[in-house]
Amino acid sequence: MKPIRRMSRKKIIKVVLFIVGGGVVAALLVGTYLFNKPHRNVQEAAIDFTVSSNALVDEYLGNPSAANKKYLNEEGNSKIIAVTGEVSSKTVDLKNQQVILLKSTGAKAGVSCTFMASTNKVAESLTVGQQVTIKGVIRSGASYDPDLGFYEDVIIEKCDVLK
Amino acid sequence: MKKLIYLIFVPAVFFVLAAFRPIAGKLVSKNAHISFFSHTTLEDITANNYKAMSTLETTTGNVAFVVPMQSFEFEKALMQEHFNSKKFLDTKAFPKAKFTGKITNLNAVDFTKDGSYEATVQGELTIKDTTKPIQGTATITIKGNALTGQTKLKLVLADYGITFKKGKPSTNLAKEIEVTVLAEYHPE
């Protein structure tokens, strides 16, 4: 009896070691994946809201906390929106990204849309006055800031023109 | 005759002043760059934000910055998520950080002349719901109709209620981080 018991104990230890070892390897793999997981691809992700630039600005000016609750995500993966509006200005930021401001004449604020290296060319082809729909991720809302002395625009980034 | 001189002379003066109008009044920067850097022996962490807004009033020396917090981008997606989460900056509840202050040695900056000037800036910085006094020096560079402001400062995270006793952040994140600001201003 004894040798058999010893055998089975050895076997149990082997099996346990195998399971624990496998678990550790799996945990390391999952950990490494999570640690290095890629950024969300905004342009490939589904659109959460489709809205006009004026409606989005009015939503923020009317009730900023409700708008933040609706559009912002706790981990920064905020809502992906498709905004339609009139191209009011074209600028370039310090990362050489094209910035298109969608704003109607007479509106208090607009939606500032920052493109990226892969989509800058699309923004360059837009002309002031043109009606366009732009998809991007929302970063912050419109509000009047007394210290800046102007209305901040809604900011969306990782933009591309929606065809 | 006197009238005629006025008629010619006054518009001429205005014309000359307008042509050589120095950069003055309220200046605006809508796409300022703010980055921060954290160094520990275990890890270096950098984040960049190109969406800060700022104003600089040359007559009063008033300076303001508004920073949309979710625009900070990290190399690693997980770090960006941690940065935004409730444990760190809680950007859903506090989407914007803000600095308001003043250039205290306005005499040292000649806004009418091209050149580089050292400005002392003093004010208050609000991150999350904590406001603290802060001061530093900024380099103001004037070239033609463009003004650039640049500064580097240190922030102690604990001052703004960002502390960690356990886990990776307590070992891999510096207690004091370096913040770099670059803003290009244009007349409003």
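Reply: A residue is called buried if 20 or more other C-beta atoms, placed from the backbone, lie within 10 Å of its own, exposed if 12 or fewer do, and partly exposed in between. By that count, buried residues make up 30% of the 163 residues in chain A. This is a predicted model, in which local features need pLDDT of at least 70 and side-chain atom pairs count only at pLDDT 80 or more, while totals for chains, interfaces and linings use all residues. Residues are numbered from 1 along each chain as its sequence is written, and chains are lettered from A in the order in which they are written.

Me: Why is chain A called more spread out than a compact globule?

Reply: The globule rule, 2.2 Å times the number of residues to the power 0.38, is set against the radius of gyration, which is taken over C-alpha atoms. For 163 residues the rule gives 15 Å, and the radius of gyration of chain A is 26 Å, well over that value, so chain A is more spread out than a compact globule. Along its principal axes the C-alpha trace of chain A spans about 95 × 35 × 30 Å.

Me: What makes residues of chain B count as in contact with chain A?

Reply: Two residues are in contact if their C-beta atoms, placed from the backbone, lie within 7 Å. On that basis, 25 residues of chain B are in contact with 29 residues of chain A.

Me: How many helices and strands are there in chain A?

Reply: Helices (H or I, at least four residues) and strands (E, at least two) are DSSP runs, numbered from the N terminus, and chain A has 4 helices and 8 strands.
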